[in-house]
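Q: Walk me through the terms used for this structure. What stands behind each label?

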Amino acid sequence: MSTENKAKEPLFSTKNLKLITKQLNLSNPITVQVLGICSALAVTAKLMPAIVMSISVLVVLAASNVVIALLRKGIPPRIRIIVQLVVIATMVILVDQVLKAFVYDVSKQLSVFVGLIITNCIIMGRLEAFAMSNKPWPAFLDGIGNALGYGVILVMIAFLRELFGSGTLLDFRIIPQGFYDFGYVNNGLMILPPMALITVGVIIWVQRYYTRELIEEN
Amino acid sequence: MYSNGYIFRYAAILVIVAAALLSLAAMLLKPYQDKNIAIEKMGGILASAKVEGVETANTIKAFNQFVVEELVVDKDGNAEPYKDGKMEDGPAFKIDMKKELYKMSKGNAYHLPVYVVNKDGETIYILPLRGTGLWGPIWGNIALKDDFNTIIGVTFDHKGETPGLGAEITTSAFKDQFVGKKIFHDDGSFMSVMVVKGGAKKLPEDMQIHGVDAISGGTITSNGVNDMIHDVLTVYLPFIQKNRKQ
């Protein structure tokens, strides 16, 4: 790595930092690029699985991005998609095994969705679009940025869904018992996937209201 | 351009490296995963006996505390007790139901586990269950009172039943139906507990104590639960009949 540095670009130069910050807002994987929606709907009924899912995606995406960036010059273009898939699948299985060993309860809740990280379009999209043509360090930052952009939205959705759907956050009771005695009822619809889609829609709306750059001309 | 030889070599080396990594990880993490699976099994056994306040962190302690005896039952219903020492190391806990039921289907000798729980002075017998659902195996535990007739509680779990349909067998709404049901008819004949499509109300009045409602949209899983309880209890029947208070 070090021999390739021509102009000795600092590790956290503005250009590099932009790789992270841009994904949080202007090209957020979920709300702007509309990728990875499937898992965003599936694992966000409670906050805990959403956080674990975000961390899993972060690890998989950052690691695969670095591996592909390191291999990028040797990968034969004709089988590059297969190579990318092998790398992603290996990472995902490793993460799945680690979750099963150390956070078994959460891994049971996430069930098939950890395995389905393999098919999360954000990951393969970043490998193909970024890691194949960049050095490992920017690729690493790009992976972190995209996974954070994904994770932030996931946590937001899960926060709203758990709060209004179950009245709890991370299984701690937030809405006091007094409200329930008074006739307040948890919104059962929040637990169901359709409401997650509507929540994503509301987040996109709010984001576009405050970020004028995202609004199309017409 | 890359030659075909290069591509083949590249793919082969990549796959071998990936396989080596994964096998290494699987080997290193196996003990931790096995411990989690054992804890889950213990939790299921305690949950079927309605032992309260069991969490992942204290499951092993609670298991050793509440399970006072393990029995290994042979096909004639003779029980080999195990009382001293840690229950988590007991012979019954090590038994794999899947293997034993397979041995039975092949006509070989088999041994079945029974756990005896003492909860507030009440003796509860817990029999593990195993059967097939729609997509894969289902399993669970059934806790019986010391009359070997009344059900105290059940637990179910599954490998991959349809979420929202078959997977509903793990919800308390389904499991709570079993509490208080009886596995023997008043005249002494073995009835099991039937999972009835369309609801237990369809059964004749005197049979309703042997039936629970099936899950709408989860018919094959419900039938699987029905068969699992019937088949496994039938295997245990010699043991149950020996110990049953008439």
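A: Buried means under 20% relative accessible area, exposed over 50%, and partly exposed in between, with a 1.4 Å probe and protein chains only. Of the 246 residues of chain B, 45% count as buried. This is a predicted model: local features need pLDDT of at least 70, side-chain atom pairs count only at pLDDT 80 or more, and totals for chains, interfaces and linings use all residues. Residues are numbered from 1 along each chain as its sequence is written.

Q: Why does Ala40(A) count as buried?
A: Its relative accessibility is 0%. The cut-off is under 20%. Ala40(A) therefore counts as buried.

Q: What makes a residue a contact of Ala40(A), and which ones are in contact, leaving aside neighbours within four places in sequence?
A: Contact means heavy atoms within 4.5 Å. Ile30(A), Tyr150(A), Leu154(A) and Ile157(A) are in contact with Ala40(A) on that basis.

Q: Where is Ala40(A) found?
A: Ala40(A) is in helix α2 of chain A, residues 37-42. Helices are DSSP runs of H or I with at least four residues; strands are runs of E with at least two; numbering starts from the N terminus.

Q: How many helices and strands does chain B have?
A: Six helices and eight strands. Along the sequence, they follow α-α-β-β-α-α-β-β-β-β-α-β-β-α.

Q: What share of the contacts in chain B with a separation of 6 or more comes from residues 24 or more positions apart?
A: Such residues account for 51% of them.

Note on methods: Chains lettered and ligands numbered in written order. Heavy atoms only, no water.
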